[in-house]
Amino acid sequence: MRVIVTENYEKLSEVAAGIIAKVIVSKPDAVLGLATGTSPIGTYKKLIEYCENGLLSFAKVKTANLDEYVGLSPSHDQSYHYFMNDNLFDHIDILKDNVRVPDGTGKDLDKNCKDYDAYLEKTPRDLQLLGIGGNGHIGFNEPKTPFGSKTHIVDLTEKTRKDNSRLFKEGETVPEKAITMGISEICQAKKVLLVANGENKADAVYKMVCGPVSEDCPASVLQLHPDAVVVLDKAAAKRLDASVITETL
Ligand code: GLP
């Protein structure tokens, strides 16, 4: 696991976007696994900038998102599909036919999970971008999710619903369930890039990097990935000893 510690969120975003851009430049039809949450927003801003400046094109890129709330349609402004359009897809030259977000709507959610598994299987990802939850979750794979899991429906923990409520308007309730890519599928990406900023992530980051590889901290599985890169700001890296830091930028 490569651990890069940056001065601040701006620098973190620049470094993470640089890693993604390199993948696209060396393979214009790359497949990217993408994430929502506040952590990758700066990274997406940088990618939009590179695209606007003509440095990067997403014309042949395909994407597959990590997760989605159950019951929210893509047009709902709290859905992750909406988030992706708003924060990235609407501002770059990607073809909307080339983007996938798990479908949390309809009566047969099991079929939605199987369809997503099949898509991931036939569309191997060159890179998977991740954030990390305060309890170490990746995607919506909460602690105790089996490492071998595939796309599934999850009951969100109270902590996750509380953490995510800050992104909802007053009076709106955070859905109780979500559909998420499984941990085994996250790990199938050739490269995994996790971004985390802020002191509230410091404990989860510490467990991911230094703790035992355990289903109690889903992100700890990345210790076993052959090409995992973690990009942090100083605050998220607060508990890390210098010996586990690969680079400081
Ligand atoms: C949500 C998402 C995760 C994300 C996490 C952290 O639960 N499902 O994919 O990594 O939140 O979000 P943030 O980056 O806003 O802290």
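Predicted model: local features only at pLDDT ≥ 70, side-chain atom pairs only at ≥ 80, totals over all residues.
Ground rules. Local features need pLDDT of at least 70 and side-chain atom pairs count only at pLDDT 80 or more, while totals for chains, interfaces and linings use all residues. I number residues from 1 along each chain as its sequence is written, and side-chain values use heavy atoms, with hydrogens and water left out.

Overall fold. I counted seven helices and 11 strands in the protein chain (DSSP runs, H or I of at least four residues for helices, E of at least two for strands, numbered from the N terminus). I found that 55% of the 249 residues count as buried (under 20% relative accessible area, 1.4 Å probe, protein chains only).

Aromatic pairs. I searched the whole structure and found four (ring centres of Phe, Tyr or the six-membered ring of Trp within 6.5 Å; planes under 30 degrees apart are stacked, over 60 edge-to-face, the rest tilted). Y69 and Y80 make a tilted pair, 4.8 Å centre to centre with 45 degrees between the planes. Y69 is in strand β4 (residues 67–69) and Y80 in helix α3 (residues 80–87), so the pair ties together parts 11 residues apart in sequence. I noted both Y69 and Y80 as buried.

Y69 also forms a tilted pair with F140, at 5.6 Å and 45 degrees. This pair links distant parts of the chain, since F140 lies in the loop between β6 (127–130) and β7 (152–155), 71 residues from Y69. Both Y69 and F140 are buried. I then saw that ring pairs link Y69, Y80, F140 and F168 into a cluster.

Methods
Buried < 20%, exposed > 50% of the residue type's maximum accessible area, 1.4 Å probe, protein only.
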